[in-house]
Amino acid sequence: MSGVLTPGRKKIEKLDRLSELSARRDDERGVSLWQEAFRRLRRNPAAIIGALILAAFVLVAVVGPFLVPHDPVAQTWRGEVSDARAHYPGPRAENWFGVDHLGRDEFSRIVVGARQTLLVGVVSTLIGLVVGAIIGGTAGAAAGLGGRFGRWVDNALMRVVDMLLALPSLLLAVSIAALLGPSLVTVMIAVGTVSVPVFARLLRGSMIAQSNTDYVLASTSLGVKRGRIALTHILPNSLAPVIVQATLTLATAIIEAAALSFLGLGNQDSSIPEWGVMLADAQRYLDAAPRLAVLPAIGIIVTALGFTLLGEAMREALDPKLRK
């Protein structure tokens, strides 16, 4: 049926809608897009909550490993753990979150694991952003300023991007991770590759919208080279929706990285604390010590929630329909 939208088409239309945000002009008072957006964010409770969550997460990830009370890899309380009796000491004065199945301090591992989780999320998002920006920027500049040959280049690149968007993101990430072999670097590459078509399509649409503005027409009429117009004029003014999407992608990157680690495609060294690996190790002890799975799961959920709240608030703040 022609009226039914496929999941891939829904994603494409959502990205094209977001790409229109950067083509809007500032209001009569001369306030820039980002200044007005920041004012709207300060009045948005969801943005404040998301920012506080992310500030706490980053603080724990950066400073926490230097302040943990115990070595996160030392099996100090191994003698108190009994697999036969399913006994794993719970929270107490010495161990705030108890100990895991190998007698390691769970609180220290949760805190140190935040750094690994942040590293995976940020690096994978940067991979998707950089590669996607190269593809989307090339396609957008070609479509907006390249004439007939540029439109051919744009069509060729976007058909590949559309095929990637049509695939379920987690399935694509699992396929890439299985092909490259389990490791932390593999998780970053797999999750980053999944976000490449999102950034590419978004930046391409934003640049095409900018190509129809008056300042581009004026620059062209003055004889400015098309490459310079694309790099120094169109591209900087097309980044607003891409930055918003990067914030949202960080949330999904953390969840997808944890999912790959849970499936055994992440770092194979379980002694290195990482929330996804901790969640995978804890599945064998759900009956005896469910906290071993609940604690890292809460960390993943709350962190993803913080990125999502802030990202959605930024999207609303930049929406021209809500600007006065």
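## Cavity lining and aromatic pairs

Helix H11 gives the most to the lining of the largest cavity, contributing three residues. The model is predicted, and within it there is one cavity of 30 Å³ or more, with about 90 Å³ of space in the largest cavity. Its lining is made up of Asp-100, His-101, Arg-104, Glu-106, Arg-109, Met-278, Asp-281, Ala-282, Tyr-285 and Leu-292, and the elements that give two or more residues to this lining are helix H4 (106-145) and helix H11 (275-282). By class, the lining residues divide into four nonpolar, one polar and five charged.

Five aromatic pairs occur in the structure, two of which are set out below.

| Pair | Centre to centre | Angle between planes | Class |
|---|---|---|---|
| Trp-96 and Phe-107 | 4.9 Å | 55 degrees | tilted |
| Phe-149 and Trp-152 | 6.2 Å | 20 degrees | stacked |

Because Trp-96 lies in the loop between H3 and H4 while Phe-107 belongs to helix H4, their pair ties together parts that are eleven residues apart in sequence. Trp-96 is exposed, at a relative accessible area of 53%, whereas Phe-107 is buried, at 18%; ring pairs also link Trp-96, Phe-97 and Phe-107 into a cluster. Phe-149 and Trp-152 both lie in helix H5 (residues 147-166), three residues apart, or about one turn of the helix, with Phe-149 exposed at 61% and Trp-152 exposed at 58%.

As to confidence, the protein chain has a mean pLDDT of 82, with 87% of its residues reaching 70 or more. Confidence is lowest in helix H1 (residues 7-19), at a mean of 63, and highest in helix H3 (residues 45-63), at 90. Over residues 25-29 the pLDDT is below 50, although this stretch has eleven contacts in the model beyond near neighbours in sequence.

Notes
Residues numbered from 1 in each chain as written. Predicted model: local features only at pLDDT ≥ 70, side-chain atom pairs only at ≥ 80, totals over all residues. Heavy atoms only, no water. 1 Å grid on protein atoms, 1.4 Å probe; cavity = no way out; pocket = protein on both sides within 12 Å on 5 of 7 lines; lining within 4 Å. Points joined across faces, edges and corners; volume = space filled by probe spheres on them. Helix = DSSP H or I, 4+ residues; strand = E, 2+ residues; numbered from the N terminus. Nonpolar A, V, L, I, M, F, W, Y, C, P; charged D, E, K, R; others polar. pLDDT = per-residue confidence, 0-100. Contact = heavy atoms within 4.5 Å. Phe/Tyr/Trp six-rings, centres within 6.5 Å; stacked < 30°, edge-to-face > 60°. Buried < 20%, exposed > 50% of the residue type's maximum accessible area, 1.4 Å probe, protein only.
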